[in-house]
Amino acid sequence: GQSLEQPSEVTAVEGAIVQINCTYQTSGFYGLSWYQQHDGGAPTFLSYNALDGLEETGRFSSFLSRSDSYGYLLLQELQMKDSASYFCAVRGLSGGYQKVTFGTGTKLQVIP
Amino acid sequence: KAGVTQTPRYLIKTRGQQVTLSCSPISGHRSVSWYQQTPGQGLQFLFEYFSETQRNKGNFPGRFSGRQFSNSRSEMNVSTLELGDSALYLCASSPGSQAVQETQYFGPGTRLLVL
């Protein structure tokens, strides 16, 4: 089967940098994605890593190490609006089908 | 360009009934995926459609089914509703033909309450 682990909560100060880690177990790995979801809202795609290394998109960066089954999301210059839940998701193989499995989410609280 | 739309936004049903949810993807997108989100289980993948074919599926019972039409609009059906089916059902569309295309755009969801 597939499973992911990420911290349940993280608190960080406005303007600081925060890293949200994600470890996964899957068969037939295709890629690791990150999503942001504000309370009451729908998930918003942030990034996708299929290969090892760092992907940067503005204040957000995502890293993947396939050999360690590990990735992280890095948020820089934190803003109050970054307070949200962040989900990692892995696409792998299960029962002959590709399947997307989400982590349980990390609730990020940005404080002044 | 209009985003992903889902109807209805809210729905109340009783146990044993069936329900059909609708999703209209972003214009030009051909892939539609469905997810269930609950406080206890988080986000769970239901199935993915591309060009009217179910391309991938998660581990949900056969009571959950879906289909996609030639205009890429998709419907999801749940038969014989159970209390545990109460959830937010999210639809996501993506543009490409590649199964690994991960830039998914989510709709606002349909909140289903089963009494």
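In what order do the five strands of the open sheet in chain A run? The order is 1-3-8-7-6, with antiparallel pairing; strands count as paired if DSSP finds at least two bridges between them, and the strands themselves are DSSP runs (E, at least two residues), numbered from the N terminus. Before going further, a word on the ground rules: this is a predicted model, in which local features need pLDDT of at least 70 and side-chain atom pairs count only at pLDDT 80 or more, while totals for chains, interfaces and linings use all residues. Residues are numbered from 1 along each chain as its sequence is written, chains are lettered from A and ligands numbered from 1 in the order in which they are written, and side-chain values use heavy atoms, with hydrogens and water left out.

Back to chain A. One spot to look at is Cys22(A), whose bridge partner in strand 8 of chain A is Gly71(A). Ser69(A) sits in the loop between strand 7 and strand 8 of chain A.

Asp82(A) and Arg59(A) make it through their side chains, at 2.8 Å from N to O. Asp82(A) is in the loop between strand 8 (70–75) and strand 9 (84–94) of chain A, and Arg59(A) is in the loop between strand 6 (53–57) and strand 7 (60–65) of chain A, so the pair ties together parts that are 23 residues apart in sequence. Over all chains, the structure holds nine salt bridges.

Now for chain B. Here four strands make an open sheet, in the order 1-3-8-7 and with antiparallel pairing. Strand 1 (5–7) and strand 7 (64–68) of chain B are the edges, each pairing on one side only. Neighbouring strands of this sheet are turned by 20° against each other on average, direction ignored. Strand 3 (residues 19–24) and strand 8 (residues 74–78) of chain B pair over five bridges in the antiparallel sense, and Thr20(B) stands opposite Asn77(B) of strand 8. Look, too, at the peptide bond from Thr7(B) to Pro8(B): it is cis, with omega near -10°. Pro8(B) belongs to the loop between strand 1 and strand 2 (10–13) of chain B.

Finally, see how the chains meet. The contact (heavy atoms within 4.5 Å) takes 20 residues from chain B and 16 residues from chain A. Together they bury about 1,800 Å², 56% of it on carbon and sulfur atoms; that is the accessible area (1.4 Å probe) lost on putting the two parts together, summed over both. Between chain B and chain A the count is one salt bridge, made by the side chains of Arg91(A) and Glu48(B) at 3.4 Å, N to O. On the side of chain B that touches chain A, the elements giving two or more residues are strand 4 (31–38), strand 5 (42–50) and strand 6 (53–57) of chain B.

Technical notes. A salt bridge is a side-chain nitrogen of Lys or Arg within 4 Å of a carboxyl oxygen of Asp or Glu. Axes are lines fitted to C-alpha atoms, for helices over the stretch in contact, and angles run from 0 to 180 degrees between N-to-C directions.
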